[in-house]
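Please look over the structure shown here before reading on.

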Amino acid sequence: MTLAAIYQPAKIKDWLLLGAVSLLVGFAFYKVDSLPILFIVLAAFILGILSITRNLKYGFYLLLYSSFFSVGLTRYLPGLPLGLLNDFLLVIMFLVMFFQKFKDISWKPLHNAIFLVVAGWMVLNIMEIVNPESRSIEAWFYAMRGVSLYFFLTVLMGMMYLNHDRDFHWFIKIWFVCSIIGSLWGLKQLYIGLDEFEKAWLSVPGNLSTHVLFGKLRVFSFYSDAGQFGASQAHTSLVAGLLATKEKRTGRKLFYLFTFVMCLLGMLISGTRGAIAIPVIGIFSYFLLIRNWRIVIVGGIIAIGIFVVLKYTSIGQGIYQINRLRTALNPNDASFQVRLDNQARLAKYLNSHPFGGGIGSAGYWGQRFSPNTFLANLALDSWYVRIAAEFGYFGLFIYLGIVITILVRSALNILRVMDEAKRNQLIAIFSGLSGIMVASYTNQVFGQMPTGILIYISIVFLAKALTDEKATTA
């Protein structure tokens with residue numbers, strides 16, 4: 001490629017794109033007080049934008065990194081709006097697609113049942129603006145991002161651009177490397193100690209009581225909290241272990257096994273009990289899809305054995321992490337009873353509010369925009385409880401229908417894939433998806449980072465399982 005080919009005169013669409021990006025960058029950093037930090041972050045941001053404009057797939061790589069590290073970095077750079085980094089990346093990717101490639105895009109990949117239900121969910125979220133119980137447009141905007149906007153934009157652009165096997169392998173590599181780093185950082189917290197920024201975060205009301213139990217730290221690494229860390233590590237460990245079982249290349253197999261061990265350790269040190277549902281449900285899904293009944297029987301016996309050891313014996317009781325997992329099987333556990341009580345209180349509220357309180361009325365955003373209301377003070381210890389609180393029974397039933405549609409359609413796609421290697425890869429990420437869907441009943445796993453982005457991209461590969469890998473917009 002010649003210099004003349006690289007440095008072509010700017011076109012109107014390029015100036016429009018540059019102007020849009022400039023406005024976004026200005027909005028992102030107008031509150032930053034430290035000029036050196038501003039220049040460093042701005043330089044990195046510009047380099048990222050340049051790479052995205054050259055190949056939009058780089059945007060997905062940056063999005064993966066951002067979903068892992070942006071939350072943790074806010075503990076060290078509180079003046080930077082890093083929580084909005086995922087938003088900016090997605091919007092910039094969409095602008096690049098629109099301004100540079102709109103005429104050349106084939107919309108055929110979007111003719112897909114999974115994309116249609118995701119788009120339908122986005123439409124319902126937009127309609128929620130007129131929910132009579134909604135407290136504010138600002139609350140709707142902030143909360144809607146995690147509930148639907150990230151989901152919709154990631155699946156939309158993923159369906160258009162993630163077309164090749166190498167896209168899947170890059171996705172896996174970045175995912176696993178970031179997760180291994182997460183485990184190593186968690187081990188540092190446990191055995192070396194927390195730094196001053198992590199101690200400051202832990203001192204915030206609510207964080208100490210949920211992350212130090214009986215004098216033991218629930219490790220959170222650079223994730224939003226220990227619950228997300230444990231669930232993400234369980235998810236990664238499951239997928240890595242399943243990929244390793246069928247991988248024939250020695251180097252890649254060892255990488256998967258190392259990821260499996262490190263992330264299993266990460267799950268244990270997080271003290272997140274609900275994370276145990278991810279490997280349990282995921283392995284069950286795996287057994288069903290491989291249709292090898294001998295393995296199903298053996299795996300079932302092993303699973304029952306683990307359950308019996310945790311439920312009916314005291315083996316490993318002296319190890320805090322095992323003891324913590326064991327309490328998840330106790331129906332009389334205090335936190336489980338509190339969870340049931342919260343759900344009973346919500347059920348009474350929904351009897352008179354069938355469409356819920358509106359997006360942004362519950363949990364963190366509710367406390368910020370409508371404090372001292374019932375939903376703002378209700379503990380949202382489940383993703384589905386949040387959906388029910390903000391959308392009502394009507395929205396919850398629709399959402400569950402979308403989840404079931406994605407799972408069923410993905411499973412049918414997998415069963416019709418002839419290539420064994422590709423089928424095994426899809427089964428692994430499907431097992432992770434099904435585990436996360438179930439674990440979201442016990443925690444707000446699905447809508448948090450990095451799990452949300454990992455699941456959305458997994459859904460793209462599952463939806464495109466039967467499409468031509470040489471599709472356009474490569």
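Where helices are said to pack at an angle, axes are lines fitted to C-alpha atoms over the stretch in contact, and the angle, from 0 to 180 degrees, is taken between N-to-C directions. The model is a predicted one, and the protein in it holds 20 helices and two strands. Within this fold, helix α11 (residues 226-246) packs against helix α12 (residues 250-270) at an angle of about 155°, and their axes lie 7 Å apart.

**Overall make-up**

- The protein has 474 residues, of which 51% count as buried.
- Its accessible surface comes to about 22500 Å², and carbon and sulfur atoms account for 69% of that area.
- When contacts between residues at least 6 apart in sequence are considered, 76% of them join residues at least 24 apart.

**Helices α11 and α12**

- Because angles over 145 degrees count as roughly antiparallel, α11 and α12 are described as roughly antiparallel to each other.
- The crossing in which α11 passes α12 is left-handed.
- On the α11 side the contact is made by residues including Phe229, Gln233, Ala240 and Leu243, while the α12 side contributes, among them, Lys253, Tyr256, Phe260, Cys263 and Met267.
- By type, the residues of this contact of α11 with α12 divide into 14 nonpolar, nine polar and one charged.

**Helices α4 and α7**

- Helix α4 (residues 57-73) and α7 have axes that come within 10 Å and cross at roughly 140°, which makes α4 oblique to α7.
- In passing α7, α4 makes a left-handed crossing.
- Lys57, Phe60 and Leu63 of α4 make the contact with Thr154, Met157, Gly158 and Tyr161 of α7.
- These residues of the contact of α4 with α7 divide into four nonpolar, two polar and one charged.

**Trp140 in helix α7**

- Trp140 is found in helix α7, which spans residues 137-161.
- With a relative accessibility of 11%, Trp140 counts as buried, because the cut-off for buried is under 20% relative accessible area.
- Leaving aside residues up to four places away in sequence, Trp140 touches Asn125, Ile126, Glu128, Ile129 and Ile359.
- Trp140 and Gly358 are 218 residues apart along the chain, yet their C-alpha atoms are separated by 7.6 Å.

How values were computed: Residues numbered from 1 in each chain as written. Predicted model: local features only at pLDDT ≥ 70, side-chain atom pairs only at ≥ 80, totals over all residues. Heavy atoms only, no water. Helix = DSSP H or I, 4+ residues; strand = E, 2+ residues; numbered from the N terminus. Parallel < 35°, antiparallel > 145°, perpendicular 65-115°, else oblique. Left-handed = near helix turned anticlockwise from the far one by under 90°. Contact = heavy atoms within 4.5 Å. Nonpolar A, V, L, I, M, F, W, Y, C, P; charged D, E, K, R; others polar. Buried < 20%, exposed > 50% of the residue type's maximum accessible area, 1.4 Å probe, protein only. Areas by Shrake-Rupley, 256 points an atom, 1.4 Å probe, with all protein chains shown as cover.
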